[in-house]
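Hello,

Here is the structure I promised to send over. My notes on it follow below.

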Amino acid sequence: MKMIAGLTLCGLILFPVFAFAEDGSLAGRVTALEEALSQGVVQQVQFSGAIEAEMGYSSGYDDVKESDVDLTTLELGVDVVLADYFSGFALMKWEEDGDEGVFLDEGGVVLGSVDGYGVAVTAGKLYVPFGVYETGMISDPLTLELGETREGAVVVDFGAGGFYGSAYTFNSAVSDDDEDDMIDAYGVSAGYLFESDEASIDLLLGWISNLTSSGGFSDYLEEGGVDVLDDYAAGVTASVVATFIDFTFIGEYLSALDSDYLATEDSEPAAWNLEINYGFDIAGHGASVAAVYQGSDEAAILGLPEERIGAAFGFDITDDLGIAFEYVHDEDYDISDGGTDESADAVTCQLALEF
């Protein structure tokens with residue numbers, strides 16, 4: 001169903017173009033697209049994608065050792081600009097560790113333009129603007145694992161003079177309760193971006209009314225067989241991304257604000273990421289190194305480690321092909337806090353092709 005939804009979204013975006021086709025053949029549609037581009041009906045159509053393969057070794061909290069090599073990610077996206085104030089996008093995705101097959105990762109129709117008009121409204125299947133989750137690592141930061149939220153949503157973005165922000169609402173259904181299947185969640189974010197020739201600093205604050213709809217919470221609730229929540233848990237996030245010449249510093253903190261969403265638990269999970277990246281050249285090829293210290297609090301129920309340290313090295317083989325190496329060491333919570341009091345290690349090598 002999700003793949004059909006993605007294709008339907010692409011069709012709605014491209015309908016004004018394909019309507020010019022004299023027949024339903026692929027050649028006819030391509031010709032119609034070329035004519036629409038030449039006539040200015042469509043300003044721009046851009047396809048993009050990624051193919052990622054990884055080889056890894058891990059030793060878990062239970063001291064079980066595993067190693068594997070496999071294709072891990074396939075992505076194919078399309079961006080369509082019909083006018084300065086009307087555009088659309090869709091991204092289809094497949095992940096080796098997922099159970100959705102090929103699915104619509106995100107997609108939407110955009111009215112307006114922040115760059116051109118100072119405001120834009122986007123409606124569709126979206127990652128709501130809660131958190132930044134920037135990293136130079138292969139693995140996702142713990143803040144993303146706790147807070148990333150993908151739902152059917154409407155987002156209003158605005159910006160002027162370095163200030164920017166968002167307001168959004170979405171269907172936050174996280175249970176099988178019919179009364180929960182409503183557009184009843186919302187959030188806001190506000191930030192400021194300062195840029196100069198050699199430095200930049202990006203500050204952002206965000207609040208969401210229902211953090212329990214995030215992927216981290218949803219996976220825990222599904223695995224635990226939780227059908228009904230006692231209440232929603234709001235969340236807050238703060239981040240800074242500062243760049244000076246070739247160095248980038250990332251600091252992000254994200255936390256739930258309520259602890260009574262489950263009758264059986266009393267916790268306010270939080271996570272943070274501190275990271276420094278350095279970019280440089282090797283024989284004319286771009287390269288980078290990254291080091292992280294991450295952690296969480298009261299998040300053992302979600303399967304997050306209490307502490308994580310890691311490092312990564314990336315190298316651009318060509319403009320569109322890169323290789324990266326990563327080492328990560330996790331420390332679990334104490335047994336009294338719901339963990340195992342053990343440690344885990346993982347080594348990953350990734351080849352990533354982008355187009």
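Is Leu274 buried, partly exposed or exposed? Leu274 has a relative accessibility of 41%, so it counts as partly exposed. One caution before the rest: this is a predicted model.

**The surface patch**

Leu274 sits in strand E12. It also belongs to a nonpolar patch on the surface, together with Phe247, Phe249, Ile276, Tyr278, Val289, Tyr293 and Ile309. Together these residues have about 670 Å² of accessible area. Strands E11, E12 (270-282) and E13 each give two or more residues to the patch. E12 gives the most, with three residues. Two of the patch residues, Phe247 and Tyr278, also form one aromatic cluster with Phe280.

**The cores**

In soluble globular proteins, nonpolar side chains tend to be buried together. The largest nonpolar core here has 28 residues. Val128, Phe130, Leu146, Tyr168, Phe170, Ile208 and Leu211 touch the most other members. Two or more residues come from each of strand E5 (119-127), helix H4 (142-147), strand E6 (150-160), E7, helix H5 (215-223) and strand E11 (247-256). Tyr168 is worth a look on screen. Leaving aside neighbours within four places in sequence, Tyr168 is in contact with Val128, Pro129, Phe130, Val154, Val155, Ala185, Tyr186, Gly187, Val188, Trp207 and Ile208. Another core lies apart from the largest one. That core has six residues, among them Val78, Val80, Ala90 and Leu104.

**Aromatic pairs**

The count comes to five aromatic pairs. In one of them, the rings of Phe163 and Tyr192 have their centres 4.6 Å apart. Their planes are at 50°, so this pair is tilted. Phe163 in strand E7 (residues 163-171) and Tyr192 in strand E8 (residues 183-195) are 29 residues apart, and the pair links distant parts of the chain. Phe163 is exposed, at 54% relative accessible area, while Tyr192 is partly exposed at 31%.

Tyr186 and Trp207 form another tilted pair, with 5.7 Å centre to centre and 45° between the planes. This pair also links distant parts of the chain: Tyr186 is in strand E8, Trp207 is in strand E9 (residues 199-208), and they are 21 residues apart. Tyr186 is partly exposed, with a relative accessible area of 46%. Trp207 is partly exposed too, at 31%.

**Salt bridges**

Side chains of opposite charge can pair when their charged atoms come close. The structure holds five salt bridges. Lys65 pairs with Asp63, the closest N and O atoms being 3.2 Å apart. Asp63 is exposed, at 52%. Lys93 and Glu95 meet at 3.3 Å, N to O. Lys93 counts as buried at 13% relative accessibility, whereas Glu95 is partly exposed at 28%.

Glu145 and Arg308 form a salt bridge at 4.0 Å, N to O. This one links distant parts of the chain: Glu145 is in helix H4, Arg308 is in strand E14 (residues 307-316), and they are 163 residues apart. Glu145 is partly exposed, at 33%, and Arg308 is buried, at 10%. Elsewhere, salt bridges that share partners join Glu75, Lys93 and Glu95 into one network.

**One more residue**

Asp297 lies in strand E13 (residues 285-297). Its relative accessibility is 39%, so Asp297 counts as partly exposed. Beyond neighbours within four places in sequence, Asp297 is in contact with Glu268, Pro269, Ala270, Trp272 and Tyr333.

Best wishes

Methods
Residues numbered from 1 in each chain as written. Predicted model: local features only at pLDDT ≥ 70, side-chain atom pairs only at ≥ 80, totals over all residues. Heavy atoms only, no water. Helix = DSSP H or I, 4+ residues; strand = E, 2+ residues; numbered from the N terminus. Buried < 20%, exposed > 50% of the residue type's maximum accessible area, 1.4 Å probe, protein only. Contact = heavy atoms within 4.5 Å. Phe/Tyr/Trp six-rings, centres within 6.5 Å; stacked < 30°, edge-to-face > 60°. Core = buried A, V, L, I, M, F, W, Y, C linked by side-chain atoms within 4.5 Å. Patch = residues over 30% accessible without salt bridge, like charges linked within 9 Å, V, L, I, M, F, W, Y side chains within 5 Å. Areas by Shrake-Rupley, 256 points an atom, 1.4 Å probe, with all protein chains shown as cover. Salt bridge = Lys/Arg side-chain N within 4 Å of Asp/Glu carboxyl O.
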